[in-house]
Amino acid sequence: MKIAIIGAGVAGLTAGRELANGGHEVVVFEKSKGYGGRLSTRYAGKENATRLDHGLPYIELSSEKFTPFVKELGDRGVIEPWVGPFVYHNVEDGKTKELRPSKKRFIAPKGMNEVGRFLARYVDVRTETKVGGLTHIGQDRTKKKTWMLNFTSSAVESADAVIIATPSKQAYAVLNTTIDEIATLKLVREIDEVEYNPSFSFMVGYGDAGTPDWAMLETDHPVISSITNEKIKRGSEQETSFVIHTTAEFSKDHENEKRDVVEEKILDALSEVLGGWAAVPNWKQLHFWRYSTVINPLPYPFMEVVGNDTPIAVIGGYMNGSSLEAAYLSGKAIGEYWNRKFKD
Ligand SMILES: Cc1cc2nc3c(=O)[nH]c(=O)nc-3n(C[C@H](O)[C@H](O)[C@H](O)COP(=O)(O)OP(=O)(O)OC[C@H]3O[C@@H](n4cnc5c(N)ncnc54)[C@H](O)[C@@H]3O)c2cc1C
């Protein structure tokens with residue numbers, strides 16, 4: 001069976017790997033240039049030599065179900081334990097104390113996008129290919145019904161089954177194009193209810209300036225939720241550089257604000273937490289995540305439209321949780337299920 005997967009994040013790539021192992025022909029279509037979705041790494045600074053994880057900062061070992069994947073990534077040299085040091089900054093008393101996380105943390109020394117790159121080895125991924133909609137091709141008795149994927153480039157491609165592995169709002173946009181043709185209504189309604197926190201990732205570099213001795217600082221500041229010290233994180237020669245993640249509240253309030261105003265406000269907050277020197281970086285880059293983390297996940301590992309002969313399912317990090325683990329388990333669950341269901 002030819003299966004098209006929309007989205008090369010961890011959910012889509014995990015489903016793709018599972019289904020390819022089950023003998024299916026799998027093609028993953030990804031709108032951006034790279035693999036991994038929200039596990040992303042940016043190259044910035046002088047000669048683009050500074051590496052920064054501006055999406056998910058680390059992988060947390062949250063449950064036993066996730067352990068085999070984390071172990072596999074570790075065994076293959078993609079990730080390693082992150083030992084910190086981690087600190088917590090209290091705004092009221094201005095003090096910074098050691099923080100001991102209750103769960104194990106892991107990072108990819110070469111960049112979080114290495115996780116996507118690793119998974120993409122197992123499937124055919126077409127990057128820079130945005131799926132704009134789906135058309136249901138039916139009613140030819142001699143031929144099985146199929147899906148036609150419509151790309152924004154105006155090219156098309158057919159598939160026997162489709163998995164949409166994007167944030168729910170983007171899945172909604174794609175699914176909505178099929179709504180008159182099949183019974184996707186319940187599915188569309190449910191995923192439309194899912195809401196996300198937005199988030200800004202602000203990346204700053206300071207050249208040869210000295211760096212704090214912590215790898216990550218978390219805080220109760222109203223603007224900043226965490227600062228990752230990319231130099232200490234990678235244990236590398238790279239310049240002093242940070243990725244600053246803003247709080248959900250600040251991000252929501254400033255979603256439509258001019259980007260230079262947002263940058264100024266984050267720099268002011270940064271100097272309150274770290275001191276005045278931090279307000280004047282050599283370079284800065286701002287990224288806005290419209291869909292950062294899920295507020296109200298759906299209580300299933302995946303959803304599919306049952307009762308028609310053109311299978312379609314939605315998966316992702318908004319199924320059964322609001323995390324990378326949820327994305328991985330969602331991809332694994334649909335892969336195992338469809339391998340059983342479409343054995344012949
Ligand atoms: C700043 C930040 C911090 C986070 N912190 C944490 C954390 O601490 N712990 C945690 O567990 N999780 C965290 N997350 C969330 C975690 O990264 C996600 O839950 C997980 O990566 C989701 O994976 P996914 O495969 O479901 O979706 P994604 O990674 O979003 O992948 C979806 C892919 O689909 C592609 N796509 C979308 N529409 C189309 C289309 N029409 N055609 C083709 N391709 C398309 C996108 O480009 C993307 O590559 C964080 C995320 C961010 C951004």
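Keep in mind that the model is predicted, so to speak of a local feature we ask for pLDDT of at least 70, and side-chain atom pairs count only at pLDDT 80 or more, while totals for chains, interfaces and linings use all residues. Residues are numbered from 1 along each chain as its sequence is written, and side-chain values use heavy atoms, with hydrogens and water left out.

Let's start with the ligand. There are 32 residues around it, and Ala11, Glu30, Arg38, Gly317 and Leu324 come nearest (a residue is near if one of its heavy atoms lies within 4 Å). By class, this shell holds 14 nonpolar, 14 polar and four charged residues. Here Ala, Val, Leu, Ile, Met, Phe, Trp, Tyr, Cys and Pro count as nonpolar, Asp, Glu, Lys and Arg as charged, and the others, Gly among them, as polar.

Where does the shell come from? Helix H1 (10-21), strand S19 (283-294) and helix H9 (324-341) each give at least two residues, and S19 gives the most, with three. Helices (H or I, at least four residues) and strands (E, at least two) are DSSP runs, numbered from the N terminus. Zoom out, and domain 1 (1-40 + 50-57 + 112-194 + 298-344) and domain 2 (76-107 + 196-295) each put at least three residues into the shell; the domain bounds come from an automatic or database assignment.

A backbone N or O atom of Gly317 sits 2.8 Å from a ligand oxygen, a polar backbone atom of Leu324 is 2.9 Å from a ligand oxygen, and for Val10 the distance from a backbone N or O atom to a ligand oxygen is 3.1 Å. The protein covers 89% of the 1,000 Å² of accessible area that the ligand has on its own (Shrake-Rupley method, 1.4 Å probe).

Glu47, in the loop between strand S3 (41-44) and strand S4 (50-53), has a positive phi of about 50 degrees although it is not a glycine.

Key. Polar contact = N/O pair within 3.5 Å; in protein donor to acceptor, adjacent residues only side chain to side chain.
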